[in-house]
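The sequence and structure come before the details.

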Amino acid sequence: MPLKVLHTADLHLGTHFPSLGNYGPEREKDFLTTFSSIIKLSLDQKVDLVLIAGDLFDSPHPSLNLFGTVKAELEKLIDANIPIALIPGTHDNIMASDHIYRHPFFEQTILFKEPILKEPKFLDLKEHPIYLYGMAYHPDVPGEYLKNLKRRDMPGIHLGLLHGSIQGSPDWKIYAKDFPVSIDELASLNLDYIALGHYHNRMVYSHEGKIIASYTGTPEGKRFKESGQRYVHLLEFKEGSPLELTPVPINTKTLLEKEIDLFTFPTQTSLAKEILKLSPQKEKTLLRIILKGVTENILDIEKIYSEIAPYFPHVEILDETSVMNSQWMSHLEKENSIRGFFVRRMKEKMDEVKDPLEKELQVASFKEILFEFQKKAELS
Amino acid sequence: MIFKELHLANFGKFQNKTLTFKKGLNIIVGENESGKSTLFQAFLGILFGFKQDSKRYLPWQNPTSYKARLALDDNCTEIYLERDFLEDTVSFIQKENNHMSSFQYKASPLGRSAEREIYLNKIQDLFGFCEPEIFKHSLFIEQRSLHLPPQNQTATDVKQMISHISELKYDEICSRLEERYFEITKKNPSGLDKRNDRILEDLQKQILDLEEKIKKTRENQESLKKLSEKITNLKETITTKEIRLKAVTESLIAIEQLAKFSKKETEIKDSLNDLKKRKAIIERLTEQLTQIQKSKPQVNRLSIGLFIVSLFALPMIFFSANISIFWLILLFIAFSVLFGQHFYTQKKAQSHFQLQEMRVKSQLEVLPDPHKLDQTIEQHQKSLFEIEAQKIEFKQKVTDGNKAEKESLTQTLHQLRETHTIEKQNYIYFAKGLQSPFTLEEDLFDLKEKEKILRTKSRVLWLAKETLETMIIEFRKEHLKLFAKDMEKTFQIIAKDSYQNIAFEKETLTPSLEWQKTPISITSLSCGTQDQLYFSMKLSLLKHLGSDRHLPLFLDDPFVNFDHERRLKVLDLLKHYAKEHQLFLFTYDSWYSEKLGRNNIHEITL
């Protein structure tokens with residue numbers, strides 16, 4: 001019988017989302033829904049083991065309500081005799097003396113509460129002897145203790161859990177406090193698989209043609225940098241064949257960040273229509289639109305927002321458009337009016353400004369004035 | 001430049017309607033709902049298209065065709081502009097000295113395209129601007145737009161009105177920018193700050209709070225780290241001291257034990273000596289006994305044998321050798337004496353030895369059993385050996401520690417353990433509720449991003465306001481002189497009978513007038529004069545905006561609410577203006593045509 005393992009990490013349950021405004025509290029619920037989906041998937045797939053590689057909670061002190069909900073979900077696994085192995089991460093770390101992992105409930109799980117591993121934990125599953133290696137994140141524990149995760153010379157499947165940052169991950173600044181590890185270091189541990197957590201986008205690491213570790217990423221996007229489909233990893237260990245890793249989409253809502261060049265959208269209405277076409281499942285999409293390019297009309301962001309907001313749970317629009325090179329501007333420039341005078345003088349002024357930051361401010365203020373010109377004209 | 005003709009092929013309620021216009025004053029007379037406003041919108045629509053609500057003038061009768069055309073005369077160049085509102089295309093036909101050029105442009109008012117750009121350039125050449133809004137605000141004077149409510153007749157209001165001579169209310173825009181600025185922050189760069197915090201200040205407070213929280217968390221983390229190190233060190237010290245205490249205690253016990261062993265050893269040794277002495281005595285006595293037993297005279301069997309043989313030999317000798325009985329008896333007596341003495345001596349000796357033997361034996365009887373004695377000695381020796389071994393063992397445990405040290409160590413350890421317990425409790429207490437700096441820093445990052453955006457926005461808005469204000473002042477400085485001059489000219493024509501020395505201040509456009517050689521304030525001006533003033537300003541603006549293009553002016557009966565006197569004054573103005581400009585006056589009233597004389601105007605009845 002092959003051994004089936006589910007790997008997840010960085011669930012960040014209990015995160016607050018003030019930046020999402022009214023949708024903030026709903027977003028917290030989305031995270032819990034996704035967590036329930038993970039539990040359901042584990043039960044449906046009849047996995048033999050669930051690995052949670054850190055940051056199950058967003059803080060070491062989740063609220064009682066939240067903990068109660070999480071406990072109830074995890075108990076479903078315990079009742080189904082599915083062991084849960086987990087490590088505290090950077091957010092739900094063990095620095096506080098009253099951190100949540102002190103709760104007696106976790107005695108029913110395989111919890112690595114110590115930042116330095118002494119001996120792997122043994123588990124006998126489906127006649128597969130399993131050895132579990134893990135360490136709780138602690139900022140003061142140096143990386144040299146990674147060597148404690150080195151495979152012991154015993155027959156069986158050896159699995160690791162680690163909350164840290166693999167050097168060389170794209171778009172990711174790595175700090176000393178992030179517990180940096182190299183792929184070679186991971187490979188040298190010689191484990192059959194290492195369930196990683198901390199990096200919020202999916203990454204699978206291979207060594208000499210074999211999968212050795214992976215980040216599942218957040219199962220529910222926390223920030224717009226975590227756009228698109230989110231996953232958990234289903235792992236299958238079969239004797240004599242390489243490890244099979246299947247990413248399973250799990251997110252409740254999808255974050256979508258799109259840049260739109262306004263060159264192709266002549267009107268605000270057509271722009272709004274185009275935005276509505278961006279996602280087939282609008283009711284499940286949290287949208288961030290970044291408007292770019294040259295526009296003929298100073299955009300009334302509030303109006304565009306009002307047209308698209310009802311279709312999505314959450315929408316934000318960032319206006320990074322420019323009118324500087326628009327035809328409108330070239331006509332204004334010729335006008336014998338305050339507007340025309342203003343545009344001519346502003347252009348001169350902007351040519352004089354050398355400091356790029358100052359210039360940026362000038363351009364933005366120019367845009368504001370033009371916006372008001374346009375709005376005022378339209379209103380009257 | 002004049003409009004010569006408006007042809008409404010299909011536009012709103014009009015179908016195939018052609019209106020021709022002439023230079024000078026065109027009065028379009030029609031009842032309410034006769035389509036006067038539609039006509040004006042047709043001018044706008046043909047020239048610029050409709051940005052919003054483009055279907056508003058969709059033909060009532062034939063909505064599949066939605067077209068209108070304008071004919072213009074610009075310095076002997078005939079221009080025909082026809083717009084298809086459904087397609088948003090414009091045909092632009094230009095006729096000059098028998099030369100004709102025709103273009104068709106896709107000229108939707110929205111978006112950008114090269115064709116639209118060419119078309120707008122042509123419009124800009126014609127009017128000096130190419131925006132429908134400018135057209136509306138400059139070439140068009142609405143109903144009631146000249147009317148000032150009585151409560152507004154203050155010096156400031158009039159001044160305000162004068163400063164709004166241009167196409168848009170720029171001062172309002174400045175105020176709006178300022179308003180938007182103060183929606184974000186209470187900081188006033190040019191005066192007293194507003195009293196209540198705005199979103200930026202709220203956000204900054206949140207940031208400060210969070211930073212403080214992070215600082216405290218970091219400090220807590222740092223002190224906890226130190227505390228943890230202290231606890232570890234304490235633990236180590238305690239362990240070292242415990243080891244030392246154990247050693248000292250063991251040493252003290254060893255010393256005590258050694259003393260005990262030495263005492264016991266002496267005892268055993270004494271006992272052993274005693275035993276050994278006894279053993280020697282026993283050995284000596286046993287030796288003696290053996291000797292005695294060995295030396296003890298035994299009944300000589302030979303003597304006895306000899307005696308018995310003699311007893312038997314004697315008679316035989318007697319009988320064989322014939323020895324006399326005497327001799328025999330003598331011999332017998334001699335033998336008997338000899339043997340008797342011999343036996344006596346022997347007996348005596350025997351009893352002596354027996355006596356000795358008994359003495360030795362009695363001595364031996366009071367002494368212990370040599371075998372048991374040996375066992376005891378062996379035991380004693382074994383004990384000595386054991387004691388020796390233990391002594392070696394205990395000697396190894398002996399250190400330089402003494403009782404005083406033990407006491408001091410015990411006391412120190414007690415204190416250390418107490419400190420350790422307290423510090424551990426402290427650790428638990430201080431580490432309670434310690435938040436994850438990761439979570440806090442993420443929150444801070446979000447807040448700072450938000451704050452940065454708002455701060456920039458506020459700076460941008462203030463800069464925008466300041467810039468616009470400066471520009472307005474600059475513009476007025478540069479251009480208002482021209483205005484002032486022009487306004488003076490126009491105003492003098494219409495107000496010369498009432499006022500003398502009419503002049504406008506060159507920068508603020510504040511009018512100064514005299515009435516019967518007395519300077520008067522503008523607030524004392526009659527409503528009619530104020531209308532004239534405003535109207536002349538509007539005309540000057542148009543002149544300026546059109547860069548001397550002599551643009552036409554559309555008047556949607558703005559004098560409808562004027563009293564008789566005011567209307568009469570307006571007539572002068574219209575007459576004056578119609579000399580250089582084409583005028584379109586939309587009205588329901590034929591009063592103007594009658595007053596001006598139908599020969600002097602071009603009247604169109606709808």
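## Basis

Two strands are taken to pair if DSSP finds at least two bridges between them. The model is predicted.

In chain A, strand E2 (residues 49-52) runs parallel to strand E3 (residues 84-86), and 3 bridges join E2(A) to E3(A). One bridge partner pair is A:Val50 with A:Ile84 in E3(A). Between these two strands the chain passes through helix H2 (residues 64-79) of chain A, and the β-α-β crossover from E2(A) to E3(A) is right-handed.

E2(A) also pairs in the parallel sense with strand E1 (residues 3-8) of chain A, over 4 bridges. Here A:Thr8 has A:Ile52 in E2(A) as its bridge partner.

Which residues touch the most other members of the largest nonpolar core? They are A:Val50, A:Leu51, A:Ala53, A:Ile194, A:Ala195 and A:Leu196, in a core of 68 residues. Beyond its neighbours within four places in sequence, A:Leu196 contacts A:Ala9, A:Ala53, A:Leu162, A:Ile166, A:Ala213, A:Ser214 and A:Tyr215. Another core, of 60 residues, lies apart from the largest one; B:Phe3, B:Leu8, B:Phe135 and B:Leu541 are among its members.

## The open sheet of chain B

Chain B has an open sheet of 5 strands with parallel pairing, in the order E8-E12-E13-E3-E14. Strands E8 (140-141) and E14 (602-605) of chain B are at the edges; each has a single partner strand, so one side of each is left without a neighbour in the sheet.

The pairing of E8(B) with strand E12 (residues 553-556) of chain B is parallel and comprises 2 bridges. Within this part of the sheet, B:Phe140 stands opposite B:Phe554 in E12(B).

## Helices on the sheet of chain B

Helix H13 (residues 564-578) of chain B packs on the sheet and touches E3, E12 and E13 of chain B. The direction of H13(B) makes about 145° with that of E13(B).

Helix H1 (residues 36-48) of chain B lies across E8, E12, strand E3 (25-29) and strand E13 (583-587) of chain B. H1(B) runs at about 155° to E12(B).

Terms used
Residues are numbered from 1 along each chain as its sequence is written. Chains are lettered from A and ligands numbered from 1 in the order in which they are written. This is a predicted model: local features need pLDDT of at least 70, side-chain atom pairs count only at pLDDT 80 or more; totals for chains, interfaces and linings use all residues. A nonpolar core is a set of buried Ala, Val, Leu, Ile, Met, Phe, Trp, Tyr and Cys residues joined through C-beta atoms within 7 Å. A residue is buried if 20 or more other C-beta atoms lie within 10 Å of its own, exposed if 12 or fewer, and partly exposed in between; C-beta atoms are placed from the backbone. Two residues are in contact if their C-beta atoms, placed from the backbone, lie within 7 Å. Axes are lines fitted to C-alpha atoms, for helices over the stretch in contact, and angles run from 0 to 180 degrees between N-to-C directions. A crossover is right-handed if, with the strands pointing away from the viewer, the path from the first strand over the helix to the second runs clockwise.
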